[in-house]
Amino acid sequence: MKIILLGYMGSGKTTVGKKLARQMGLQFLDLDDYIEEKEKLSVADIFGDKGELYFRKKEHQYLNELLLRKDNFVLSVGGGTPCYGKNMETILKGSENVFYLKVPIGQLAQRLSQQKSTRPLIRHIPDGELPEFIGKHLFERSEFYNQAHTVIDCGSNEAIDIVADIMNSMQQ
Ligand code: S3P
């Protein structure tokens, strides 16, 4: 079984994905980590040195590479991954268990204000402008995220409760 987690930056995909994988006895993979490993550069450096277009091409290439693998895993993809080219189609073809971790804007802004340095798209946005930026960005991206098989309303839930919600929705 391949489980794929989608969601905006800061929605907890990595934290939830690691816990979920542990509970299910599956391997955890993170597309950003995989890109960094293959390219031998951090995501921030890829954006800075080679540009976003190069990053999006590599993101597409490595997503396809991972989904062609025969083994099972929990995969967390980047916030932008489902929103470019045919990536969302690829994701839905590659897994019957695609979850969108939906987190309120205020909470995303609060979390992301602490984690800006590793995220080139929001690095230069002042904290006070983050909610408005995220609101607009999320509006554009939601049409992709909402194609997931299941939307998990994360609210202010702890990662452990989100994992339980995901596991319950798979058993139904
Ligand atoms: C991006 C999200 C990041 C990373 C890159 C671009 C985006 O991943 O792929 O900085 O376009 O939303 P996370 O969602 O894991 O932060």
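This is a short chat about a few residues in a predicted model.

Biologist: Hi! What should I know about the numbering and the model before we start?
Modeller: Residues are numbered from 1 along each chain as its sequence is written. The model is predicted, so local features need pLDDT of at least 70 and side-chain atom pairs count only at pLDDT 80 or more, while totals for chains, interfaces and linings use all residues.

Biologist: Thanks. Where does UniProt place the "binding site"?
Modeller: The unreviewed UniProt entry puts it at Gly10, Ser11, Gly12, Lys13, Thr14, Thr15 and Arg119. UniProt positions are given in the numbering used here, feature names are shortened, and annotations may be inferred rather than shown by experiment.

Biologist: Let's take Gly10. Where is Gly10 found?
Modeller: In the loop between β1 (2-6) and α1 (13-24). Helices (H or I, at least four residues) and strands (E, at least two) are DSSP runs, numbered from the N terminus.

Biologist: And why is Gly10 called buried?
Modeller: Because Gly10 has 22 other C-beta atoms within 10 Å. Buried takes 20 or more within 10 Å, exposed 12 or fewer, and partly exposed is in between, with C-beta atoms placed from the backbone.

Biologist: What does Lys13 touch?
Modeller: Leaving out residues up to four places away in sequence, Lys13 touches Leu5, Gly7, Ser76 and Leu101. Contact means C-beta atoms, placed from the backbone, within 7 Å. Lys13 lies in helix α1.

Biologist: New topic: which helix holds Met24?
Modeller: Met24 lies in helix α1. Met24 counts as partly exposed because 18 other C-beta atoms lie within 10 Å.

Terms used. Two residues are in contact if their C-beta atoms, placed from the backbone, lie within 7 Å.
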